[in-house]
Amino acid sequence: MDKISNRQKGIRTTAIHAGEAVDPVSRASSPNLVMSSTFAPTEVAGFSARNRDSYEGFVYARVSNPTVKQLEDKLSALEGAEACQCYASGMAASSALLLGRLSQGDHLVISDTNYVGTAELVRDSLPRFGIEVTPVDMSDLDMVERSIRPNTRMMWIETPANPIMRLADIAALARLARAKGVCDVAVDSTFASPIGTRPLELGADFVVHSLTKYIGGHGDAMGGCVLGRKADLEALNLEATVHYGGVLSPFNAWLILRGAATLPIRMRAHEETALAVARFLEGHKNVTRVFYPGLASHPQHELARRQMKNFSGMMTFRVADGAALAKRMVEKLEIIHYAVSLGHHRSLVYWIPTDALMRSTFRHEGELLKRYRDFAGDGVFRFSIGLEDAEDICADLDEVL
Ligand SMILES: *Cc1c(COP(=O)(O)O)cnc(C)c1O
């Protein structure tokens, strides 16, 4: 009962067993929670993390920890990656990757519509370090191509993109990046999860997940990770993990390990319920638009079928008066929580008005604003379908719609 080899096993077996092993001392079957911040070496060794090769095993929990390592190995197996590095949150993972790979004078091409924290970080913080940023509509290959410059070092894709569920073709974008000499292709794959999409197999160099969402899955632990090649992750570990210090707590890693074990079966249930709820919404007289990649009405349904093995539980819908519906939701919803975040076993819904989001975060004008409005109109409800019964979710919605 040593560590199992991951590659030949099915995805459900991998989710449960990869990264784990029976504890050789206690024979414990479930993963140990090791909270120790320091580890006693068996001989005198170096002091800086730069001299890690002089150590056997673990040294200090900001460098690595056995419980976090188990989670990293499980995530590598799920994503088909050589290596994984965990962080304290999805944003800690994203900022580690952006700041760890980009330098003064570099140019970043990024999805014009993506997670608000990432959008604000690249617009407000990166330029302070002399990094140029161009937000583009990643579903338009010509626009992406026109935005690439000789100093474009990274392309950052998010698909499906928060909050409008617009998709980007990872394989086509990675091919374009290669042809144009862009060094790094990074994909925030939080909405798809490793069960839906495996960006590394489509040509990406790095994958980012907020573990707070589907992978943890129960709304009780924040975390994030970056996956990719071993050599790239080692460099990132030294700079962004050890020096920036945003490491994942072993306790959170232990909770997320437990959640990750059921990821494949949860994703199947999320998808099944989401499809039923999306069809209900599409047929409701007070709903004007529904965007769910699994519906034939999604403008990129064909790409979704090619790129997503699971359509996940995320959707967006519009009604005539969103602000009024949001108020009714806060007051009257019984099962669905009116709250931010996503990917939990509980259903979560949130109103995202276009004008406010443009002012606070995206700041689109002209063509980009028009394209955003094509999906979002005056605003969308971002809806994360949980694992409750579809009939109960629909009944809850029917009461407020
Ligand atoms: C939530 C989220 C993040 C940030 O993750 P945190 O764990 O909240 O820091 C990044 N990207 C996407 C797509 C997200 O949904």
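Reader: Why are α4 and α13 called oblique to each other?

Author: In this predicted model, the axes of helix α4 (residues 116-125) and helix α13 (residues 354-362) cross at roughly 45°. Angles under 35 degrees count as roughly parallel, over 145 as roughly antiparallel, 65 to 115 as roughly perpendicular and the rest as oblique, and α4 and α13 are therefore oblique. Axes are lines fitted to C-alpha atoms, for helices over the stretch in contact, with angles from 0 to 180 degrees between N-to-C directions.

Reader: Which residues of α4 meet α13?

Author: V116, A119, E120 and R123 in α4 meet L357, S360, T361 and F362 in α13, where contact means heavy atoms within 4.5 Å.

Reader: What makes strand β5 mostly covered?

Author: Five of the five residues in β5 (residues 184-188) are buried, that is, under 20% relative accessible area with a 1.4 Å probe, protein chains only. D184, A186 and D188 point one way, V185 and V187 the other way.

Reader: How do you know that β5 pairs with β4 and β6?

Author: Two strands pair if DSSP finds at least two bridges between them. Five bridges join β4 (residues 152-158) to β5, in parallel, and three join β5 to β6 (residues 206-210), also in the parallel sense. I157 has V187 as its bridge partner in β5, while A186 stands opposite F206 in β6.

Reader: On what basis are these values given, and how are residues numbered?

Author: Residues are numbered from 1 along each chain as its sequence is written, and side-chain values use heavy atoms, without hydrogens and water. Local features need pLDDT of at least 70, side-chain atom pairs count only at pLDDT 80 or more, and totals for chains, interfaces and linings use all residues.

Conventions
Helix = DSSP H or I, 4+ residues; strand = E, 2+ residues; numbered from the N terminus. Buried < 20%, exposed > 50% of the residue type's maximum accessible area, 1.4 Å probe, protein only.
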